[in-house]
Amino acid sequence: EIHQIYRGRVQKLMDFGVFVEFTLPDGITKKEGMVHIGQVSWTKIGHPREAGLGRGSDCWVKVISVGSGSGQTSEGGKIMLSLKDVDQKTGRDLMPHRAAAASDVGAGGGDGLGKADRSASGTATHASSSASSAVVHPGLDVEALRRREAEEEATRSGLQGVDNTYLAPAARTLAGGGGGGTSGRRG
C-alpha cells in the first residue's frame with residue numbers, strides 16, 4: 001500500500017538505483033520494488049554503494065508509488081520505493097506529510113498537482129484515480145494550485161479563435177491576426 005513502510009533486503013545494485021525485496025504484513029507475500037538513486041540518500045551519490053548499500057543489506061523502505069502496467073507486481077504495476085524517507089535505524093517515517101497530503105488529495109482523487117475533470121455543470125470534480133504518483137512538496141498549497149488551475153481553465157475555455165500573441169508579426173498576418181508589430185528594418 002502506498003506510503004507504507006516495510007523491512008526489506010537489497011537484491012540488486014544498479015547504476016540507477018537498487019532493487020529491494022520486502023515482505024507484506026501477512027508475513028508470506030514478498031514483493032520487489034525499485035529505489036531510484038535519487039531516493040537512496042539525501043546527498044547526491046553516483047552509485048548506491050556510496051550510501052553503504054550492498055547485495056543482502058537490510059533496510060527500511062517506503063512505498064512511494066505503484067504504477068499500472070507491466071512491472072514487478074502480480075497486478076502488473078511497478079513499485080517505486082524510497083530509502084531516504086525512512087529512518088534506517090528505527091523505521092520511522094521521516095516524511096509523514098507526504099502521506100497526509102496525498103490522503104487529502106486522494107480523498108478527492110487527482111495526482112497532487114491539482115488536475116481536475118470538469119462535470120457537465122462546469123465545476124471542478126476531482127477524478128477518483130489513485131494518489132500514487134503524488135509527490136507533494138511540504139510547502140505546496142494544493143488548494144491554491146487547484147484554484148489557479150480552475151481559473152486558467154475558465155480563461156482558456158472563454159477564448160475564441162487563435163491566440164496569436166506570441167507569433168511573429170508575419171505569422172500573425174498569415175494567422176489572420178493582423179498587426180501588432182513594427183514594419184521595416186531596425187537601423
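**View 1. Phe16 and Phe19 form an edge-to-face aromatic pair.** Phe16 is partly exposed at 37% relative accessibility, since partly exposed covers the range between buried, under 20% relative accessible area, and exposed, over 50% (1.4 Å probe, protein chains only). Phe19 is buried, with a relative accessible area of 13%. The two ring centres lie 6.2 Å apart, with 90° between the planes. Rings of Phe, Tyr and Trp (its six-membered ring) pair if their centres lie within 6.5 Å; planes under 30 degrees apart are stacked, over 60 edge-to-face, the rest tilted. Lys12 lies over the face of Phe19, at 5.1 Å from the ring centre. A charge sits over a ring if NZ of Lys or CZ of Arg is within 6 Å of the ring centre and within 35 degrees of the ring normal.

The model is predicted: local features need pLDDT of at least 70, side-chain atom pairs count only at pLDDT 80 or more, and totals for chains, interfaces and linings use all residues. Residues are numbered from 1 along each chain as its sequence is written, and side-chain values use heavy atoms, leaving out hydrogens and water.

**View 2. Tyr6 and Phe22 form a stacked aromatic pair.** The structure holds two aromatic pairs. In this one, Tyr6 and Phe22 are 5.0 Å apart centre to centre, with 25° between the planes. Tyr6 lies in strand S1 and Phe22 in strand S2 (residues 17-23), so the pair ties together parts that are 16 residues apart in sequence. Strands (E, at least two residues) and helices (H or I, at least four) are DSSP runs, numbered from the N terminus. Both Tyr6 and Phe22 are buried.

**View 3. Five strands make a closed barrel.** The order is S1-S2-S3-S5-S4, with mixed pairing. From one strand to the next, the twist averages 50°. Axes are lines fitted to C-alpha atoms, for helices over the stretch in contact, and angles run from 0 to 180 degrees between N-to-C directions. Strand S3 (residues 30-36) and strand S5 (residues 79-82) pair in the parallel sense over two bridges. Two strands pair if DSSP finds at least two bridges between them. Met34 stands opposite Met80 in S5.

**View 4. Lys84 sits over the ring of Trp42.** The charged end of Lys84 is 4.5 Å from the ring centre.

**View 5. His3 has a positive phi.** The value is near 70°, in a residue other than glycine. Most residues other than glycine have a negative phi. His3 is in the segment before strand S1 (5-14). His3 is buried, with a relative accessible area of 12%.
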